[in-house]
Amino acid sequence: MVKMSFDDTATRYGAEPGGGAPTKVKITFVDSTGQARTVEGEVGSTVMETARRNDIPEIAAECGGACACATCHVYVDEKWTEKAGKPSQMEEDMLDFAFDVKPNSRLCCQITVRPELDGLVVVTPAQQG
């Protein structure tokens, strides 16, 4: 019988055996009624792609992630706004078409899933733009 042992970094959520950065992170989507759904997002994809892969309601994503609409509008939980980053000028222009824009509004097609976003929480507005 072979006994295998992994260092602590290998036991992190989504990490490859033997260490390395996680390949998946947890993202919680809270819909406009307050129902939360926590799903896995692949590092390198977008939060919008994660929502679509997991059938998250209230994320229409009509343009498919091209930053050409405002139908993947979310509110980034205030604990995560700095890590999620600021919107680009193009994203800000698209947010002009979104419903009930707030300082923590983002288009989730423009948020890339990264290891430091493990635990990210976003809330969908009552309607999309």
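Which residues touch the most other members of the largest nonpolar core?

## The core

Among the 30 residues of that core, the answer is F29, V47, I59, C72, L107 and L120. Here a nonpolar core is a set of buried Ala, Val, Leu, Ile, Met, Phe, Trp, Tyr and Cys residues joined through side-chain atoms within 4.5 Å, and buried means under 20% relative accessible area with a 1.4 Å probe, protein chains only. Two or more residues each come from β1 (24-30), α1 (47-53), β3 (73-76), α3 (89-95) and β5 (120-123), with β1 giving the most, four. Helices (H or I, at least four residues) and strands (E, at least two) are DSSP runs, numbered from the N terminus.

This is a predicted model: local features need pLDDT of at least 70, side-chain atom pairs count only at pLDDT 80 or more, and totals for chains, interfaces and linings use all residues. Residues are numbered from 1 along each chain as its sequence is written, and side-chain values use heavy atoms, leaving out hydrogens and water.

Take L120: leaving aside residues up to four places away in sequence, L120 touches K26, I27, T28, V47, V76 and W80 (contact means heavy atoms within 4.5 Å).

β1 pairs with β2 (residues 36-42) in the antiparallel sense over seven bridges; pairing takes at least two DSSP bridges between strands. I27 has V39 as its bridge partner in β2. Five residues sit between the two strands of this hairpin, where G34 takes a positive phi near 95 degrees.

S45 is in the loop between β2 and α1, and is buried at 6% relative accessible area. The S45 side chain reaches the backbone oxygen of E42 at 2.6 Å.

Definitions and conventions:
Buried < 20%, exposed > 50% of the residue type's maximum accessible area, 1.4 Å probe, protein only. Polar contact = N/O pair within 3.5 Å; in protein donor to acceptor, adjacent residues only side chain to side chain.
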